[in-house]
Amino acid sequence: MFTYTIKRLLQSLIVVWAAVTLMFALFFIIPGDPISLKSGEKSLPPGILANITAKYGLDQPTYVQYFRFWGHLFKGDLGYSYKNDKSVNTILHDGLSTSARLLFWGALLQLIIALTVGLTSAIKRGSLGDRIGTIFTVGIQGIPVFVSGLLAQYLFGVLPFQMHWDWLNFFKPWPQSWTAGVIPTDSWKGIILPALVVAVVDAAFIARMLRSSLLEVLRADYIRTAFAKGLSARRVWFHHALRNAMIPVVTVYGTSLIAIFGVAVQTEKVFSLPGMGSTIADSALSQDAPVVLGLAIVVIAFGAVVNLVVDLSYALIDPRIKIDSKAVH
Amino acid sequence: MSQPLLHIDDLYVHFNTSDGVVQAINGASLTLNPGEIVGLVGESGSGKSVTAMSILGLVPKPPAIYPKGRILWKGIDLLTTPDRELREIRGGEISMIFQDPMTSLNPVYTIGHQISEMIRVHSRISAKTAKLRSIEMLDLVGMPNPAQRIDDYPHQFSGGMRQRAMIAMALSCSPELLIADEPTTALDVTIQAQILEILEKSARELNVSVLLITHDLGVVAGICDRVAVMYGGRIVEEAPVDDLFERPLMPYTWGLMRSIPQMDKVSTKRLYTIPGSPPVMSRPPKGCAFAPRCEFVIDRCHTEVPQLIEYAPHRMVRCHRVSEPDFIAVLA
């Protein structure tokens, strides 16, 4: 398992390299240059333009820029933004900490919602709860974030404010101080709505996945054996059925974790949170290569780690699945 | 005779389906005494598995309904026993093994975990003691190296070994009754005999009654004391095993006997088959369920359900014609 993990991590490095190279190439292919975009409408005198271009090293041949980028990267330096001269490390650190917290709480909430809805609707199949769950899961999947976000703001912010239902008002500012990275020290209320908006989209999908997977497992012979052993229904569901139903759920949860990175970014926009949301769009439009590349590295690395954890978890869930180092090419 | 261990009294089990009510069991009665091995024989759909599952309350309700009847376990009716008490009986007093050992064990837990789990549900003992008990049980059913194999997962065992593990698990809480639902059907022929032998040996050793459900009369002849034949949701004949094989009283049993290939008789004739097919239990025949396939049918068979009568001591039969003086001679 250890060898496998190392191999997989090395593979991810290749993926990062390929992605960065591709994006680097793209920045040279697309028309326009970041310096004239930076100056906006005004056209700069040629001397100043040349100076600025030289300052960012953009006067060098492409391959020199490329190797310089890697040289700095190995030292942990992602370079400086063309747009505002801020260190990319700082931009990512500030923006990503908010995004990461939103992602963390969104993902956690997503798991809780998916497990609760999926389990109840599978166990109480055909009940009122199952029907409500089905309507909820089918209905919510199609709603884009800018709709669900605004709807949430209205229902749990604007409306309670107008009606003076203070207890229902969850439209509060994002927490300012945190402990252990993700736990807010001032107020929880500000997290709930954005995290919920991030969570619900895929939570619905995962819940449906869990429901169908569980329904199949609950028909299995070993579930009948478990009941015949004299175990309580709760024990059978949680100990015997749930673990067997988890493989497809873990797969979609992993994919969803990567996908909701994008959802989190949109949610930040809707809730005006100080995350990466606007930075990503702005940097791409102004061809701010260092920022975009830096962000891409983080996202790709995150994806690689999530995929690795998902693969390793298969072997933990089901002993029939062997993590075989020979299977990796 | 002592009090019966299990007495199924005029049991009806129906299923509400989209095609109407399926009358799986229509008045089945069966008695099991302590230490007895009883075979319940019938073809697919005769209701034998539903009977067995009903004893442990493993038939999901809905769709199942129990319009009539009782299942008396040492005098208490299992059909009305609350779930909490039923759970103590399941595994603790009555345990069950199933047809397919490949799918009857949970693939994600070790054999040892699954046996110990059951032991610890029924007795307050430590995990360590439960493990020792599991090893002991696996040893009893002839599992080689039980102390090592206890940490293996089901997929690391062969079918026969898995069924041994199932038997070990079923016997681990010293039950008084073991229900074996087609325990050898899914196994290789060579393994079948071994499993039956282990089943009989352990049951006799631990003085456990066995209700052996099978469609295979050969299996019954091998290990049972008494046989009940089921057809169309009713017991149609019940007899000590030797008597039944010597002289079947019910035309259905007679047909079953004739359709067993005989090794000691050289025959050029094709093997006998009972004509027709089993009744559709959503629309069961009005009279005797076997009437449409019976060679000896009379008008009365189509209109009136025969009663289960005691033809001779310990010999129960459900047939209108059995009381005719020369009918038995015809069957012989």
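Modeller: One term before we start: two strands pair if DSSP finds at least two bridges between them. Helices (H or I, at least four residues) and strands (E, at least two) are DSSP runs as well, numbered from the N terminus.

Colleague: Fine. What kind of model is this?

Modeller: This is a predicted model, in which local features need pLDDT of at least 70, side-chain atom pairs count only at pLDDT 80 or more, and totals for chains, interfaces and linings use all residues. Residues are numbered from 1 along each chain as its sequence is written, while chains are lettered from A and ligands numbered from 1 in the order in which they are written.

Colleague: And what's the mean pLDDT of chain B?

Modeller: The mean is 87, with 98% of the residues of chain B at 70 or more. pLDDT is the predictor's confidence in each residue, from 0 to 100. For the complex, the predictor gives an ipTM of 0.88 and a pTM of 0.81.

Colleague: Staying with chain B, what's the strand order in its open sheet?

Modeller: S2-S1-S4-S5, four strands with antiparallel pairing. Strand S2 (20-32) and strand S5 (76-77) of chain B each have a single partner strand, so they sit at the edges with one side lacking a neighbour in the sheet.

Colleague: How many bridges join S4(B) to S5(B)?

Modeller: Two, between strand S4 (residues 64-73) of chain B and S5(B), and the two run antiparallel.

Colleague: Which strands does helix H1 of chain B lie across?

Modeller: Helix H1 (residues 48-55) of chain B lies across strand S1 (6-17), S2 and S4 of that chain, at about 110 degrees to S1(B). Axes are lines fitted to C-alpha atoms, for helices over the stretch in contact, and angles run from 0 to 180 degrees between N-to-C directions. Residues are in contact if their C-beta atoms, placed from the backbone, lie within 7 Å.

Colleague: Switching over, how many helices and strands does chain A have?

Modeller: Chain A has 12 helices and two strands. Its C-alpha atoms fill a box of roughly 85 × 65 × 35 Å, taken along the principal axes.

Colleague: How do H1(A) and H12(A) cross?

Modeller: The axes of helix H1 (residues 2-29) and helix H12 (residues 289-317) of chain A come within 9 Å and cross at roughly 155 degrees. H1(A) and H12(A) are therefore roughly antiparallel (angles under 35 degrees count as roughly parallel, over 145 as roughly antiparallel, 65 to 115 as roughly perpendicular and the rest as oblique). Their contact includes A:Phe24 of H1(A) and A:Leu293 of H12(A), and divides into 16 nonpolar, two polar and one charged.

Colleague: And what's the angle between H7(A) and H10(A)?

Modeller: Roughly 45 degrees, between helix H7 (residues 145-163) and helix H10 (residues 233-270) of chain A, with axes within 9 Å. H7(A) and H10(A) are therefore oblique to each other. Among the residues making their contact are A:Phe146 of H7(A) and A:Gln266 of H10(A).

Terms used. Two residues are in contact if their C-beta atoms, placed from the backbone, lie within 7 Å. Ala, Val, Leu, Ile, Met, Phe, Trp, Tyr, Cys and Pro count as nonpolar, Asp, Glu, Lys and Arg as charged, and the others, Gly among them, as polar.
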